[in-house]
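Q: I am new to this structure and would like to learn how to read it feature by feature. Could you guide me, giving the general idea and then the case at hand?

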Amino acid sequence: MKLYGKYIEILFKSQMQYRTSFWLLAFGQFLIPFSVFAGLYFMFERFGQIKGWEFSEVALCFSIIHMSYALSECFARGFDSFSALVGNGDFDRFLVRPRSTVLQVLGSKFEFSRVGKLVQSIIVLGWAVSQQLADWTMLKGLVLLFMIVSGVFIFTGIFILAATMCFWTVQGLEIANIFTDGGREMAQYPLNIYQKWVTRFFTFIIPFGCVNYLPLLYLLDKTTGNPLPYMLAPIAGILFIVPCLLVWHVGVRHYRSTGS
Amino acid sequence: MKAYISVFKLRLTYGLQYRTAALAGVATQFFWGFIIIMVFEAFYSGTVTDPPITLKQLITYVWLQQAFLAFIMLWFRDNELFQLITSGNIAYELCRPSGLYGLWYAKLLAQRLSSALLRSLPILAVALLLPEPYRLPLPADPAAFIMFVLALLLGLFLIVSLSMLMYISVFVTLSPAGSLLMFGVIGEFLAGMVIPVPLMPDWLQSIVYVLPFRWTADFPFRVYSGHIGTGEALIGIAIQIVWLALLITIGKLAMARVLRNVVVNGG
Amino acid sequence: MIIVKGLSKAYQVAKRSPGVKEAMKALFKREYKVVEALNDISFTIEPGEIVGYIGPNGAGKSTTIKVMSGILVPDVGTCTVMGFTPWKDRVQYVKHIGVVFGQRSQLWWDVPVIDSFELLRDIYKVPEQEYQSTLALLTETLELQEIIHMPVRQLSLGQRMRCEIAASLLHSPSVLFLDEPTIGLDAVSKIAVRRFIRTINEEKGVTVILTTHDMNDIEALANRIILIGKGKLLYDGSLSAIRSQFGTLKTMTVVYSHHAEPLKVEGAVIESWTTERAVLSVDTAQTVISEVLISLSQQVEILDVAIDTLPIEDMIIQLYKEHQL
């Protein structure tokens, strides 16, 4: 953990060497979800609601998933851009150091300009919360935090899976976008607006529904019966990373036997 | 001309090597298309007033967008060109006898074509066979189809002219990522990539109509679905040609100017 | 220290042919061929040795280094370094080794060198006191005082390489793998790097295995060389043994007063010839030098003669030739 902090420190120092470029990039990063949010706004302006959900409710959903995404893009960037690390042979160096490969890859890159994305979603979150959609309690605040953290775990898990693919091929990585970009895009709306098969896939295989939709029902007092399962659903997101790490280790073993 | 063709060929071969990448791209775009269509479907299911574009036309719009993504994405990064400019290795390119603008234009064009070649046909083929309501309908009529092909190709030339301007701007800024990202995000929004132009509020539509971006994507797709009639399409194609001439002229002038500076500064 | 036995490793490589048509074909069918990177390699290295590991490009040098440093797992064969099998218990093993890849950097590009060093200290969990004393020693012997607070991107290649080597030694490894440590360096930096490698070998008893294409590195450092080619071990022995093998080969440069006709000398090969100067190569095992001289003096008026042993570079080329590399 101390080492992880050290990695953050050194990379922060590095990126601050290029301040102008950093701010420009951060602003660009701010604009990306902003344009999506603007699109969302225009759609609601025209249609008023989506399957019974209000704009402010969807905005809450939107801000939570985008926040998770921004955080994972910042802190798990090493996995996200892993193909470069394998391509230039720097991964070999990680193997001659007495630390876990996961930690070293995580520490290899942070993308602080994602703060732009984060700020955008914080603003949206602040606005959505201020709309008094429900009675806010301490407990709801905690669940909200839990949702964000567990979203980070899911995205990181997918980044790890995509990175693992690099051990076999650097082609076809685009497929991972289905689950990262696609997952984010999809989870910015409440999951029940989609067809059944989509809902099922993103609840039971990649549990976006568990970190976003189900606890959202609790936040907005839309649950029937015992709210506890809804509150605890984000655990699934954290557990998601376990099989991803296992696959990663299989990948590392493959890399060491082929050296591809 | 021969030089342009070989640059073009080289790029094409290079792009074709990545079959798995192409397959992954197709899958990704299909998934993406479904998500977008389902969201629109959900919006449309609860509406009481008639939206300015039918769901069927919208579905056409989305599938064409997915199939021709390589033709309409504003920001299609070519790292080679990028490094060439920022590292100062541009000197090599200046030694070549052909015009730099034309060469790069051919390169960027080929890159988009090779990427689209592998992706659009499978996507179109499958989308045409999907079960209703997701199926991509055939063009409104043969005239609309011919217009569409013409408009799409002109749109492709337009987008390459636009991205040429972006590359030229890298000469000036040298640290490209941030400013180009902004340009790309805004340009794509104005081209109707985030939400289709007809669904935008009226004030925004009036801005979109005076800018070049929508002519690359929004226009050809609506010609296909018949949302824009044949007569209007003809006028549109004329406007596309005017834009194209204008953007290429600006690009060539800007290129000549920045290259002069490069020579003066010794790279 | 290091025992390598029967190491073999093969790769599968995709074949690519030029042309649009071939690229289209490759969309559907791809051909592979098997490349044997290592083929039954065995050797033993004692503590404190400096071993030069040489061979032409693609001979399998890097693969061997990767196996010995635990990055790659071989197909067959065993390798023991200080009692460890490198590719098993990786984390325990790598604490004891240092690796320098000459063409890549392990330093963080945009921050001062010392920041990278401190990060490495944390990665290797080096106790503070030990770190300080090692750092002081390295700073002094490598003359890093001036550059340690500069960002890496501002360093020259030579300065950077000194820092790279220092970075690999911060945790006081017992074995140091150097993969082309002098590549791209100017003459002064090369000498500095060589002197340093010698110093840590002598004073700290670090075992050094280095690959290089620069035979001067080998001459200055290695008491022993291992030559591999096409994955096979071709030669393992001392440099002096090679010298004595090829030592009988001499180059003779003769300067004489103007002579228009080509020379004819029994038992010598005329490498180049002008009307005033000729270069001959002579194998003293077969021909006696004095006979060559006699033959020469009968044809021309000799003004000057120089007789040289083959440079080590050429001896290696001879070796490669013998093995048809």
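Predicted model: local features only at pLDDT ≥ 70, side-chain atom pairs only at ≥ 80, totals over all residues.

Q: Is A:Lys140 buried or exposed, and what does its side chain reach at 3.0 Å?

A: Buried means under 20% relative accessible area, exposed over 50%, and partly exposed in between, using a 1.4 Å probe and protein chains only. A:Lys140, which lies in helix α9 of chain A, has a relative accessible area of 4% and is therefore buried. Its side chain reaches the backbone oxygen of A:Leu219 at 3.0 Å, and a polar contact of 2.8 Å joins the side chains of A:Lys140 and A:Asp221. A polar contact is a pair of N or O atoms within 3.5 Å; within protein, one must be able to donate a hydrogen and the other to accept it, and residues adjacent in sequence count only if both atoms are side-chain atoms. Helices here are DSSP runs (H or I, at least four residues), numbered from the N terminus.

Q: How should I read the sides of a helix, and which residues of α12(A) are buried?

A: An α-helix has 3.6 residues a turn, so residues three or four places apart point the same way. In helix α12 of chain A, residues 196–205, the buried residues are A:Val198, A:Thr199, A:Phe202 and A:Thr203. Because they cover an arc of only 120 degrees around the axis, they are on the same side of α12(A), the arc being that of the directions from the helix axis to the C-beta atoms. On the other side of α12(A), A:Lys196, A:Phe204 and A:Ile205 are exposed.

Q: What is a salt bridge, and how many are found over all chains?

A: Side chains of opposite charge can pair when their charged atoms come close. The rule asks for a side-chain nitrogen of Lys or Arg within 4 Å of a carboxyl oxygen of Asp or Glu, and a search of the whole structure finds 27 salt bridges over all chains. One of them joins B:Asp218 and B:Arg222 (2.6 Å, N to O), which both lie in helix α11 of chain B, 4 residues apart, about one turn of the helix. B:Asp218 is buried at 0%, and B:Arg222 counts as buried at 7% relative accessibility.

Q: How is the size of an interface given, and what area is buried between chain B and chain A?

A: The size of an interface is often given as the accessible area lost when the parts come together. Between chain B and chain A about 3,400 Å² is buried, of which carbon and sulfur atoms give 77%; buried area is the accessible area (1.4 Å probe) that two parts lose on being put together, summed over both. Across this interface the rule finds 0 salt bridges, whereas 4 residue pairs are in polar contact, both residues at pLDDT 80 or more.

Terms used
Residues numbered from 1 in each chain as written. Chains lettered and ligands numbered in written order. Heavy atoms only, no water. Helix = DSSP H or I, 4+ residues; strand = E, 2+ residues; numbered from the N terminus.
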